[in-house]
Amino acid sequence: MAIKIFEQEKQFHLYNSKISYVIGECRDGEIGQLYFGKRINENQIIYSYQGVAGRLDCDVKVYDENYSKEMACLEYPAFGNGDYRNSAYEVRQLNGSRVTNLVYQGYEVYEGKKPIPGLPASYVNTNSEAITLEIICVDDVAKLEVRLFYTIWENYSIITRHVSFKNIGEDEFKLTKALSCCIDLPDHDYDWIQFDGAWARERYPHVRPLDEGVTAVESMRGHSSSNFNPFVILKRKDTNEFQGEAIGVNLVYSGNFLAQAEVDTFDKLRFTMGINPRWFVWPLKKEEVFETPEVIISYTKNGLNDLSQNIHGFMNNNLVRGPYKNKPRPILLNNWEATEMKFDEESILKIAKKGKDAGVELFVLDDGWFGKRDDDFAGLGDWFVNTNKLPDGITGLAKKINELGLDFGLWIEPEMVNPDSDLYRAHPDWVLAAPDRRRTLGRHQMVLDYSKPEVVDNIYNQLYEVISKANISYIKWDMNRSITECFSQGLPAEQQGMIYHKYILGMYSLYERLIEKFPHILFESCASGGARFDAGMLYYAPQAWCSDDTDGHERVKIQYGTSYGYPISSVGAHVSASPNMQTGRSMTIDDRANIAYFGTFGYELDLNKVSDEEFERVKEQVKFMKEYRSLFQYGTFYRLQSPFENNISGIMVVSEDKKQAIAVIYNTLRTPNIGRENIKLQGLDETLVYSVDGKEKLYGDYLMERGIGFIDADEPWYKSAGDFQSRMFILKA
Ligand code: GLA
């Protein structure tokens, strides 16, 4: 990994063993994108800027007859100066002008990487893991300094980028768009993959070809959302899971975002991503700085599994923090689907005790323990224990849970308030609400105004009281409604465009304070299931509740989609009751577990209510997961065959030394009397012999070329099989 600099040509070649990223001056100080892709020779100086135009409509040749900005591939394009594609940033100046022009001034290069103040970002463990380049550009009229940050990583096919803006003049100006990246590519022969859905069906992959015009996904909900995830892939038409070129971009941010691909009529592709510019206005006074969130740009020549594995490794090693980084995650039991809010200490202890008997390690008390919280009409905002339910408080309950031999975890939803709460009665001005308008409720609650430090302070102090007095080792941080009427009461009109982003900064600051004070706590983020599953959250909470949909069949799809952009160690996945709460579907306890293993694993039901036979299976499952969880959570993960396109689908994990692997194959609907359909395995050592389930002995190359079959009529399990069945194969070299 290195950065080769050609001083005279003002060219910078960032490279590692797999990728090259070359940028440099095109014309008159404008920084262009000269090459991004598979590693090329670092001595290559690039002279073709793709800026030479034929005859444009209403011809605009910006500097001379041979160069048009519109034809160039640019690094951080401005608005209003001859490039008619979407800009990467926009600045409204005091005189009303929005025209800017960034001119290259110089650069800095250093080992390692600096943090981004107030924002989540990837980090180095040692300086030798990465090198950072800062390109400094100035618009001398607006008195704007822009720094483009690029970090190239030694161990991953990844470039991380972000941008800072500084007012170096006297007059205030307003940033009205400040995206994190622009990637201009010289052709548009790509498919776009987005991950969309809704509550209970998050992150389904959708593929479509890019064509002239704009393709985009966004959120304006105040959180990243289950509707569109801030992760997208651009792939070549013939790229599949196992071969071909692709670029993935994760935004390390949890609020409103925009990801957009624009294909112009000259066959070029502009990809941009960052904070959604809709209703974003950020004033910058003299000397003030604004920093954008980071993007993680990953690249592969070897298919989508390779792209995902690259992202998984990077997030596990360079984004997730804390004592659970790269550590097996505790097997937990959560009471939500078992009791909802109707519980008391006795019923909770009974559920926990049974969990302990099964071998579970952590008990999590979900919603309903605080304020007047007996249903979802009241209590949010009042973070003191409801002693009617828990007479000895959280302190007492945690102690009793610990005495059972379990760790104790707690649910909170700190960004919200119910109108029926002491907090709201005392501070009606602490919620986001537009003057003289209805205060829209969602799940009977409003969103606290986290742009106000006093609100964050109040919630911090309340939570500190609870957490500091009890032995709590895990927190599930929920967020159950989107923002409406985004207006901060009491703030002047010209600052209202800052609120969506300030809200996120306030939320991140509360996480940071709690992590600093209680560094031993494992956080799991949640937002009505998986509505804030993004790279930003993983910096604070190493795992995220993937979906409220715990149905085994649905989870096969949701977790398959999630795996494209996020590591298996981050996927909150539990076995719940059958028939399932969300779908009414019945599945065996083993079929439900066979997908939950590919995640953090746990249970979300009252184990007192399962049959003796099932309880024995639960004990076996917990034992099994304890033995294999490092493999599931940190092994190399492969998508073998998609459940979105096939009746039979499969996934697998392989250990680093390739001596162990576990594959699970799912059969959605059973078709009688069909042939044996094999699924080819991946990632094994061709030369090793593997025992399959301790029986058959097969070479790695055979397993990868011929595969394993779901349907084998001789197997006793098959005779009783129906729909929504799974089968696990354990391979040992
Ligand atoms: C959300 C979460 C659930 C549960 C409930 C509690 O819906 O996704 O897991 O915690 O809130 O109200």
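F314 is buried, with a relative accessible area of 0%. Here "buried" stands for under 20% relative accessible area, "exposed" for over 50%, and "partly exposed" for anything in between, using a 1.4 Å probe and the protein chains only. This is a predicted model, so local features need pLDDT of at least 70 and side-chain atom pairs count only at pLDDT 80 or more, while totals for chains, interfaces and linings use all residues. Residues are numbered from 1 along each chain as its sequence is written, and side-chain values use heavy atoms, with hydrogens and water left out.

## Rings that pair up

What is F314 paired with? Its partner is W153: the ring centres are 4.8 Å apart and the planes sit at 80 degrees, so this pair is edge-to-face. For the rings of Phe, Tyr and Trp (its six-membered ring), a pair needs centres within 6.5 Å; planes under 30 degrees apart are called stacked, those over 60 edge-to-face, and the rest tilted. W153 is buried as well, at 1% relative accessibility.

Now look at where the two rings come from. W153 belongs to strand β8 (residues 144-153) and F314 to helix α1 (residues 304-318), so the pair ties together parts that are 161 residues apart in sequence. Helices (H or I, at least four residues) and strands (E, at least two) are DSSP runs, numbered from the N terminus.

Another aromatic pair, W192 with F271, is tilted, with 6.3 Å from centre to centre and 50 degrees between the planes. W192 sits in strand β11 (residues 190-198) and F271 in strand β17 (residues 269-275), so this pair links parts that are 79 residues apart in sequence. W192 is buried at 0% relative accessibility, and F271 is buried at 0% too.

The structure holds 43 aromatic pairs. Ring pairs also link up a cluster, with F195, Y204, F231, F533, Y560, Y564, Y566 and F644 in it.

## Charged partners

Next come the salt bridges, where a side-chain nitrogen of Lys or Arg lies within 4 Å of a carboxyl oxygen of Asp or Glu. How many are there? The count comes to 49 salt bridges. Here are three of them:

| E30 | K69 | 2.1 Å |

Take the E30 and K69 salt bridge, at 2.1 Å. E30 is in the loop between β3 (19-25) and β4 (31-38), and K69 is in the loop between β4 and β5 (89-92), so the pair connects parts that are 39 residues apart in sequence. Are these two buried or exposed? Both E30 and K69 are buried.

E614 lies in helix α11 (residues 612-634) and R592 in helix α10 (residues 589-596), so the pair ties together parts that are 22 residues apart in sequence. E614 is partly exposed at 26%, whereas R592 is buried at 6%. Elsewhere, salt bridges that share partners join E108, K114, E134, E145 and R147 into one network.

## Around the ligand

Which residues are closest to the ligand? They are D366, D367, K476, G529 and D548, out of 13 residues that surround the ligand (a heavy atom within 4 Å). By class, this shell has four nonpolar, three polar and six charged residues. Ala, Val, Leu, Ile, Met, Phe, Trp, Tyr, Cys and Pro count as nonpolar, Asp, Glu, Lys and Arg as charged, and the others, Gly among them, as polar.

Some side chains have an N or O atom facing a ligand oxygen: W411 at 3.0 Å, K476 at 2.8 Å and D478 at 2.9 Å. Taken alone the ligand exposes 310 Å², and the protein buries 95% of that.

## Two loop residues

L94 lies in the loop between β5 and β6 (103-111) and is exposed, at 64%. L94 and I193 are 99 residues apart in sequence and 40 Å apart in space, C-alpha to C-alpha.

R670 is in the loop between β34 (660-667) and β35 (678-679), and is partly exposed at 30%. R670 and F724 are 54 residues apart along the chain, with 7.7 Å between their C-alpha atoms.

Note on methods: A polar contact is a pair of N or O atoms within 3.5 Å; within protein, one must be able to donate a hydrogen and the other to accept it, and residues adjacent in sequence count only if both atoms are side-chain atoms. Accessible areas come from the Shrake-Rupley method with a 1.4 Å probe; for residues, only the protein chains shown count as cover.
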